[in-house]
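Please look over the structure shown here before reading on.

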Amino acid sequence: MSVGHGLPAFDLQVLRGGDGRRAFPAGGLSLICFAKEDCATTRLSMPLLAAAHEAFGGAVEFLTLLQNGEEDLVLGDEYGLAMPLLDDSALHTSFRYDIDTVPTLILADREGHELRRFWGFGRDDWRDLVGHLADLTGVDTPAIDWEAYPESRPGCGSKSVEPGIFERLQADAEGSPIRARRIEIAPHDDVHEFMFDRGLTDGLPVVPPTPERLMRMLSGTKRDPQEVVAIVPPNLAPATVEKVAINAVMAGCKPEYLPVVIAALEAMCTDEYNAHGVFATTMGAVPVLVVNGPIRHRIGMNMGIGALGQGNRANATIGRAVRLVVRNVGGATPAGTERTTLGTPMKFTMCFAEWEERSPWEPLHVERGFAPEDSVVTVFTSTGLSLMVDQTSRTAHALGGSLGMKMEGLHNLKSHGMGDVVLVLPPEHVDTIWRDGWTKDQVRDRIQAASSRPLRELLQDEESGAGVDPARFGPDGPTEEQLAQPVPKFRDARSIHIVVAGSNAGKFSSVFEGWASGPTGSQPVSRKIEEV
Amino acid sequence: MAEAPAGTVIMDPTDEREPIRRELTRRPEHITGTVGLLDISKPRGNVLLDRLERALQDRLPGVEIRRYAKPTYTKPAPQDLRQKIAQECGFVIEALAD
């Protein structure tokens, strides 16, 4: 609150030098000093403040604001300060006065308008101030041995701009951009236990989303905190940038990860992706986030050794953040609307980056229509991660055959007609394929060929009740011609999405098994990541 | 006086459809085992608890009653007392009287 175009008004508790509270402006000349005892420059200034008060205190209201509250009363003891010492330990007044440095001295006129301001220690600043006070009041200038003081000294950082404190003050200030409900944890309660009890976590501890952490997280995007990013199933609740940021804090994200989380949610909360089905299915599907483009490097994502594993903060927390949004905003909780029979550890998080520089092919996002310099997240749906070991194939054809044999077993050997899967090729397998100059499409075609099987071998039978129901072909079952017909594992070879990641050592590929795909299932969706 | 330090504040990560409150432990249908009667040490709290104890014994003869008292009603029960009650009792009735 400002007084006209004057300084912000305040009304603070008097700690010493008077009773009750003291308000500014109060109709007279005022000298406001922001101080804290743990600052040598404040201490250097205190004898001058005391001398000025002694001389001009009858005509000027001296208001000294203590940033550490009662702890700073030692200044009063040591320097004989007789003016009101006010409690600004909440730092709201320091924040509203935009104080970066202590001490800061502000001379204000009767209406509360600023006449002069200086900070740190400047002998000439003080000499001018004392002269100005003498002119304004008609009181004689006090005798001060100016030569006993240094010419200047830098001040100390104001407590109100310390990391963590500044963001809290921002969050508390009028016009704060944040609107989410504040939950006060009782002093005898434990914030972690509270969040577990409220069902706000994925079963692992989360970072408490305090207002100051939220403010820091919001610095990761230029978007308005109240902008709706997505309508999140199953409750179809709007997720604002602020709500996403709160959950990103909880997941352990850095602010620079937030744009990836936002883009991933935009991708997931589409009709094509069908997040409702993904999270509800008994098959235990999860979103798999693949990040491409320059942001991978900027935020330090892992695309190399152990890329699909734990240990990298960006990979781990971006995937976790989208899950927490779906849980907390969307309301998908295990045994609630999330009905997975077994689940997978990927339910916690699954996000990695493509090692584009180690790939001879177009990266995933370029294949999907984006420019190489775009940063993009693509969201797939997977029900499990499966390893393919082949350390001995030396040709693209042979390795492609191994991949086909492995991938035919996805879900069930007899389950053909599969949709989208993500094949992650490590550098050594890439090198084997690239030595023969194969394109990604050639790899896909080889996988299709190696994983096709005559219908005869896919029918439900005594050995395995899975597979194709013969009754689908009418009362007489399939014809001999139909039985001999090879059935491809994948409905479309293009649904085999090839991504390069992993360490330079090791001939082990991984495949993310798919879920129901196509318009009635979940289709991969890519979104460009807004770079801040 | 400096402002009292507030408890931690966190920002609600949910869609805010549900009110914020701690869920009460589910109440059992039958009272068995041990019931604690906690006197907060306000005057005549013991009178109320005496009556309550007799009433409980009449109606629930199989239930053991244990009595506890806070050192003072002005402060929260000490941690040791809370732990003792939690360990020894399945139920607790806290008596406020004046």
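Two residues are in contact if their C-beta atoms, placed from the backbone, lie within 7 Å. This is a predicted model, and the predictor gives the complex an ipTM of 0.73 and a pTM of 0.74.

**A covered helix in chain A**

- In helix α15 of chain A, which spans residues 427–435, the buried residues are A:Pro427, A:His429, A:Val430, A:Thr432 and A:Ile433.
- Just after α15(A) comes A:Gly437, which takes a positive phi of about 70°.

**The four-stranded sheet of chain A**

- Four strands of chain A form an open sheet with mixed pairing, and their order is β16-β15-β17-β24.
- The edge strands of this sheet are β16 (351–353) and β24 (525–528) of chain A, each of which pairs on one side only.
- Neighbouring strands of this sheet are turned against each other by 25° on average, with direction ignored.
- Within the sheet, strand β15 (residues 286–292) of chain A is joined by seven bridges to strand β17 (residues 376–382) of chain A, and the two run antiparallel; as one example, A:Pro287 has A:Thr381 in β17(A) as its bridge partner.
- Helix α9 (residues 258–268) of chain A packs on the sheet, where it touches β15, β17 and β24 of chain A, and its direction makes about 50° with that of β17(A).
- Helix α12 (residues 313–328) of chain A also packs on the sheet, touching β15 and β16 of chain A, and its direction makes about 135° with that of β16(A).

**Nonpolar cores**

- The largest nonpolar core has 102 residues, of which A:Ala248, A:Val261, A:Ala264 and A:Leu265 touch the most other members.
- Helix α9(A) gives the most to this core, with nine residues.
- When its neighbours within four places in sequence are left aside, A:Leu265 is in contact with A:Val229, A:Ala230, A:Ala239, A:Val244, A:Val322 and A:Val325.
- Another core, of 35 residues, lies apart from the largest one, and its members include A:Leu12, A:Leu31, A:Leu65 and A:Leu66.

**A buried loop residue**

- Residue A:Val329 lies in the loop between α12 and β16 of chain A, and this residue counts as buried because 27 other C-beta atoms lie within 10 Å, where the cut-off for being buried is 20 or more.
- Leaving aside neighbours within four places in sequence, A:Val329 is in contact with residues of both chains, namely A:Val232, A:Ala237, A:Ala239, A:Lys243, B:Thr14 and B:Asp15.
- The C-alpha atoms of A:Val329 and A:Ser382 are separated by 22 Å, and these two residues are 53 residues apart along the chain.

**Where the chains meet**

- In the model, 18 residues of chain B are in contact with 34 residues of chain A, and the residues on chain B's side of this contact divide into nine nonpolar, three polar and six charged.
- Strand β12 (residues 182–184) of chain A pairs with strand β1 (residues 9–11) of chain B in the antiparallel sense, over three bridges, and the bridge partner of A:Arg182 in β1(B) is B:Met11.

**The sheet of chain B**

- Three strands of chain B form an open sheet with parallel pairing, in the order β3-β2-β4.
- Strands β3 (64–69) and β4 (91–95) of chain B each have a single partner strand, so one side of each is left without a neighbour in the sheet.
- Six bridges join strand β2 (residues 34–39) of chain B to β3(B), and these strands run parallel; B:Asp39, for instance, has B:Ala69 in β3(B) as its bridge partner.
- Helix α1 (residues 45–59) of chain B lies across β2, β3 and β4 of chain B and runs at about 165° to β2(B).

**Confidence in chain B**

- The mean pLDDT of chain B is 84, and 84% of its residues reach 70 or more.
- Over residues 1–5 of chain B, however, pLDDT stays under 50, and for this stretch the model has seven contacts beyond four places in sequence.

Methods: Residues numbered from 1 in each chain as written. Chains lettered and ligands numbered in written order. Predicted model: local features only at pLDDT ≥ 70, side-chain atom pairs only at ≥ 80, totals over all residues. Pairing = 2+ DSSP bridges. Axes fitted to C-alpha atoms, helices over the stretch in contact; angles between N-to-C directions. Core = buried A, V, L, I, M, F, W, Y, C linked by C-beta atoms within 7 Å. Buried ≥ 20, exposed ≤ 12 C-beta atoms within 10 Å, placed from the backbone. Nonpolar A, V, L, I, M, F, W, Y, C, P; charged D, E, K, R; others polar. pLDDT = per-residue confidence, 0-100.
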